[in-house]
Amino acid sequence: MIERRWFIAFLLFLSTLLNYFDRQILSLVSPVLRVQFSLSATQYSHLLSAFLFGYTSMQLIAGWVVDRLGARRGLILAMLWWSAAGAAAAATHGPRQLAFCLFLMGVGEAANWPSAVKAIREWFSPAKRAVAVGFFNSGSSAGAILAPFTVAALTLHYSWRAAFIACGVLGVLWIVPWRSAYTAPPMPSYTDDVLPAAQFVFLRDRRAWGILLARLFADSIWYFYIFWLPDYLTHVHGFSMREIGATAWIPFVAAAAGNFAGGAASSYLIRRHRGVVHSRLTVMVASALVMSLGAVIRFCDTPALAIGVISLVVFAYSSWAANVLTLPGDIFPADSVATVVGASGTLAGIGGMLTVLLTGHIVDRYSYGPVFWGLTALPLCAAACSLLCASPPTPFRQPLRTT
């Protein structure tokens with residue numbers, strides 16, 4: 001049983017890796033695309049927003065579908081969808097066609113996190129969930145680490161289109177072991193003391209809004225570094241495509257470590273009998289304080305110093321993410337977990353869309369300096385909102401009383 005559940009976690013790690021590898025392609029080839037399609041920073045932000053609009057608009061629906069179909073079938077459907085959309089992006093010949101394919105890619109990728117968190121909820125006990133979530137979520141960092149090497153090499157030797165095709169093929173191949181490995185989960189062994197609930201009744205619960213609003217603010221930081229780091233290195237520090245391939249992976253090594261550190265920290269506190277939710281929130285607040293150091297990047301004169309500070313910020317973000325993604329499984333019934341994750345992903349996507357759009361306008365009119373100042377306030381807002389998760393639970397089976 002232990003071997004099977006960790007193999008499932010490994011496959012979720014791979015699906016998350018492919019998910020982020022796919023979306024990293026656009027940011028890594030942005031210097032080439034901006035020249036090829038004559039795009040300003042604002043116009044480039046519109047391409048990013050096309051992906052994020054598809055991703056955001058489907059989050060809640062994807063979570064509901066996954067709760068109905070199950071993690072196994074839901075993730076197969078999602079992987080087929082986004083792999084096909086990514087491969088189709090390779091055949092586009094203009095920004096509008098590319099934007100449409102990116103939108104479709106976002107629609108498919110929306111199901112990855114609801115499916116993965118639901119699977120972890122079904123296969124792992126509360127004390128081990130944050131470690132398992134941190135492990136699979138580190139796939140996002142791994143995808144961001146591998147992408148600069150691979151995408152830069154494919155772009156330099158072939159074209160940016162080759163990277164989309166490669167990722168589409170790998171996505172289809174991933175389905176084979178997933179279908180074989182994911183059998184009926186040991187639900188009775190890992191069911192917590194929560195009652196079944198009707199879908200969307202969680203929106204009455206302040207704890208749900210603590211998760212939703214926390215992700216609205218904090219995930220915007222991650223979206224900025226995922227989508228704008230190569231452009232920042234190009235236009236502020238004069239990096240070439242080859243230099244981006246050689247260095248843009250460094251912060252995401254730190255992010256991968258942050259996933260494991262955040263999961264291990266809260267698991268340690270749980271073993272010390274600090275309470276599951278309290279342990280998660282303790283790590284999240286500490287991580288948010290470290291994330292707020294992002295303003296220092298504004299004063300970094302050398303790329304090495306800037307990459308060092310960015311690495312610290314994304315390390316802290318990943319530590320935060322390992323715990324905030326685990327909270328829905330700790331707090332809510334099994335039949336609502338994917339829906340709650342999808343709802344929080346919707347808010348996260350909205351924050352990401354606003355961030356990438358505002359970044360494009362600010363960079364065109366001013367510079368990256370004001371962007372880093374703005375990003376400093378976001379983790380503090382996220383930490384304040386997350387404290388709602390410490391509120392007493394709202395009974396799921398009782399209707400709201402009116403006076």
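1. Ala119 lies in helix α6, which covers residues 112–123; helices here are DSSP runs of H or I with at least four residues, strands are runs of E with at least two, and both are numbered from the N terminus. With a relative accessibility of 1%, Ala119 counts as buried, a term that means under 20% relative accessible area, whereas exposed means over 50% and partly exposed lies in between, for a 1.4 Å probe and protein chains only. Setting aside residues up to four places away in sequence, Ala119 touches Leu12, Ala71 and Tyr182, where contact means heavy atoms within 4.5 Å. Ala119 and Tyr20 are 99 residues apart along the chain, and their C-alpha atoms are separated by 19 Å.

2. On the basis of these notes: this is a predicted model, in which local features need pLDDT of at least 70 and side-chain atom pairs count only at pLDDT 80 or more, while totals for chains, interfaces and linings use all residues. Residues are numbered from 1 along each chain as its sequence is written, and side-chain values use heavy atoms, with hydrogens and water left out.

3. Two aspartates deserve a look together. Asp231 sits in helix α9 (residues 206–237) and is buried, at a relative accessible area of 1%; apart from its neighbours within four places in sequence, Asp231 is in contact with Ser30, Arg34 and Tyr368. Asp205 belongs to the loop between α8 (160–181) and α9, and it also counts as buried, with 1% relative accessibility. Between Asp205 and Cys389 there are 184 residues of separation in sequence, yet the C-alpha to C-alpha distance is 9.2 Å.

4. Ala248 occupies the loop between α10 (241–247) and α11, and at 2% relative accessibility it counts as buried. Its contacts, not counting residues up to four places away in sequence, are with Pro148, Leu229 and Leu233. Ala248 and Arg23 are 225 residues apart in sequence, with their C-alpha atoms 15 Å apart in space.

5. How do α3 and α9 lie relative to each other? The axes of α3 (residues 41–69) and α9 come within 12 Å and cross at roughly 130°, the axes being lines fitted to C-alpha atoms, for helices over the stretch in contact, and the angles running from 0 to 180 degrees between N-to-C directions. The two helices are therefore oblique to each other; under 35 degrees counts as roughly parallel, over 145 as roughly antiparallel, 65 to 115 as roughly perpendicular and the rest as oblique. The crossing is right-handed, that is, the near helix is turned clockwise from the far one by less than a right angle, anticlockwise being left-handed. Ala41, Tyr44, Ser45, Leu48, Phe51, Leu52 and Tyr55 of α3 meet Tyr223, Phe227 and Trp228 of α9. These contact residues divide into nine nonpolar, one polar and no charged, with Ala, Val, Leu, Ile, Met, Phe, Trp, Tyr, Cys and Pro taken as nonpolar, Asp, Glu, Lys and Arg as charged, and the others, Gly among them, as polar.

6. Helices α12 (residues 276–291) and α16 (residues 369–386) pack at an angle of about 165°, their axes being 8 Å apart. That makes α12 roughly antiparallel to α16, and their crossing is left-handed. From α12, Leu281, Met284, Ala288, Leu289 and Met291 meet Pro379, Leu380, Ala383 and Ser386 of α16; by class, there are eight nonpolar residues, one polar and no charged. Buried residues of α16, including Phe372, Leu375 and Cys385, form part of a set that packs against α9, α12, α13 and α15.

7. The axes of α11 (residues 250–271) and α13 (residues 303–324) come within 6 Å and cross at roughly 35°, and the crossing is right-handed. Among the residues that make this contact are Ala254, Gly258 and Gly262 of α11 and Ile307, Ser311 and Val314 of α13. The contact comprises eleven nonpolar, nine polar and no charged residues.

8. Helix α13 is mostly covered, with 16 of its 22 residues buried. Helix α15 (residues 337–365) has 29 residues and reaches 42 Å from its first C-alpha to its last, close to the 42 Å expected at 1.5 Å a residue, where the expected span is 1.5 Å times one less than the number of residues. Of the 29 residues of α15, 21 are buried, so it is largely enclosed by the rest of the structure.
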